[in-house]
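Dear colleague,

I am handing over the structure below, and I would be grateful if you looked at it before reading on. My notes on what was found follow after it.

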Amino acid sequence: MKFETKALHVGEEPNISDGGSGDVVSPIHLTSTFARDKIDQPTKGYEYSRSANPTRDALEKRLAALENGKYGIAFASGLAATATVILSLLRAGDHMIAFDDLYGGTRRLFSQLFKENFNIDVSYVDARKVENIADAVKGKTRLIWLETPTNPLLKMCDIRSIASIAWDKKIFLAVDNTFMTPYFQLPLDLGADLVVHSTTKYLNGHSDSVGGAVITSDDHIHDKIRFNQNAAGAILSPFDSYMVLRGTKTLSLRMERHQQNAMAIAKYLEGHDKVEQVFYPGLESHPQHQIAKKQMSGFGGMVSFELKADLNQARGFVEGLRLFTLAESLGCVESLVELPALMTHSSIPPEERKKTGIKDSLIRISVGIENIDDLLDDLEQALNAI
Ligand SMILES: *Cc1c(COP(=O)(O)O)cnc(C)c1O
């Protein structure tokens with residue numbers, strides 16, 4: 001099956017033949033527990049909804065299929081998924097390597113929880129240069145953690161080259177694929193051991209559910225994460241599982257429109273004299289446009305740009321937009337705007353922000369699927385007001 005077909009059918013095959021009611025849409029199984037006939041007789045595969053639930057199963061099957069993986073595991077949030085991966089693959093004293101331009105919450109989790117409380121050593125490196133990854137490997141390195149493109153600067157790294165280092169040194173490679181989604185990028189096919197998602201973003205796509213997922217084809221990794229998901233309990237609820245299942249059905253259509261609008265906005269901003277610099281993987285001016293074309297089948301819906309402005313003017317600009325909602329988060333049908341220095345990335349110390357290139361006048365937009373003319377008009381009026 002091709003992507004669009006899998007997104008509609010995998011995990012939701014109507015069951016008519018063996019006693020099923022033939023629901024075309026997977027029911028929301030709001031049960032916490034499952035009955036059995038006899039104590040020593042196995043149940044029909046389910047015992048208790050923390051361990052497994054049919055609605056969550058349906059979503060997990062679909063996510064696995066979309067990422068070309070064998071197993072999907074759905075979590076209560078993207079960070080719950082990330083935390084469970086670290087708890088499953090690392091021990092106190094181990095070392096990991098991470099891209100230095102990560103989602104702020106991921107970095108907070110690594111530095112302030114795993115490093116401070118559990119002595120997990122983290123090296124943040126500029127993964128745009130593959131040799132920086134190779135140089136950071138130590139005896140106790142167990143995991144490489146990548147986002148590509150990164151948040152908010154849309155930096156990219158070469159998954160295939162880094163996967164070959166990881167393979168050589170027997171280190172796990174995890175890729176957070178939230179920004180591109182499997183519609184545009186398939187990290188497992190490029191050699192990653194596991195893919196992590198915040199389903200809160202594009203996969204659900206409608207700003208009405210928080211969730212996360214891990215996808216892998218490795219039996220051993222799956223068994224550990226599955227065990228720890230049940231042991232630590234950060235599962236996705238049946239209702240949210242249904243929401244994300246529903247979201248995935250239109251993922252391909254939404255991603256096409258997100259990208260089309262984002263490209264138009266990136267080009268518009270690039271030609272505007274109040275804009276210093278635009279970051280969008282689809283622009284030929286992006287220093288890593290070639291990598292984008294090599295490992296992605298599209299460029300996504302996230303655009304960042306620097307205004308020729310100070311922090312106060314940048315604040316005035318984002319507050320002056322009418323259609324772009326001023327809010328954290330991304331990847332939903334409506335356009336959102338935010339100021340990383342004061343919002344999503346405020347937990348990163350200012351000198352660290354400066355080092356990774358997140359300036360005070362950096363604006364991040366998550367381009368929605370509205371009519372492009374309305375979006376451009378809104379940007380125009382807010383730019384004029386600076
Ligand atoms: C939002 C986000 C996360 C965290 O996911 P939550 O669902 O908010 O816990 C992780 N990585 C990226 C790239 C994100 O955008």
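**Notes on the structure**

Thr 344 sits in the loop between strand S11 (336-338) and helix H13 (350-356), where helices (H or I, at least four residues) and strands (E, at least two) are DSSP runs numbered from the N terminus. Please keep in mind that this is a predicted model, in which local features need pLDDT of at least 70 and side-chain atom pairs count only at pLDDT 80 or more, while totals for chains, interfaces and linings use all residues. Residues are numbered from 1 along each chain as its sequence is written, and side-chain values use heavy atoms, with hydrogens and water left out.

**Thr 344**

With a relative accessible area of 12%, Thr 344 is buried; buried means under 20% relative accessible area, exposed over 50%, and partly exposed in between, with a 1.4 Å probe and protein chains only. Its side chain makes polar contacts with the side chain of Glu 338 at 2.6 Å and with the side chain of His 345 at 2.7 Å. A polar contact here is a pair of N or O atoms within 3.5 Å; within protein, one must be able to donate a hydrogen and the other to accept it, and residues adjacent in sequence count only if both atoms are side-chain atoms. Not counting residues up to four places away in sequence, Thr 344 touches Gly 104, Glu 328, Glu 338, Leu 339 and Arg 364, contact meaning heavy atoms within 4.5 Å. From Thr 344 to Ser 198 the C-alpha distance is 15 Å, although the two are 146 residues apart in sequence.

**The ligand**

Ser 198 is also one of the closest of the 14 residues that surround the ligand, together with Gly 78, Asp 176, Thr 200 and Lys 201; a residue is counted if one of its heavy atoms lies within 4 Å. Oxygen atoms of the ligand lie 2.8 Å from an N or O atom in the side chain of Thr 200, 2.7 Å from a polar side-chain atom of Lys 201, and 3.5 Å from a backbone N or O atom of Gly 211. The protein covers 92% of the 380 Å² of accessible area that the ligand has on its own, by the Shrake-Rupley method with a 1.4 Å probe.

**Gln 295**

Gln 295 belongs to helix H11 (residues 289-295) and, at 7% relative accessibility, is buried as well. A polar atom of its side chain lies 2.7 Å from the backbone oxygen of Cys 157. Beyond its neighbours within four places in sequence, Gln 295 is in contact with several residues, including Thr 148, Asp 158, Arg 160 and Phe 184.

**The whole chain**

The protein chain has 14 helices and 12 strands. Its radius of gyration, taken over C-alpha atoms, is 21 Å, close to the 21 Å that the globule rule gives for 386 residues, so the chain is as compact as a globular protein of that length; the rule is 2.2 Å times the number of residues to the power 0.38. Buried residues make up 55% of the 386 residues.

Best regards
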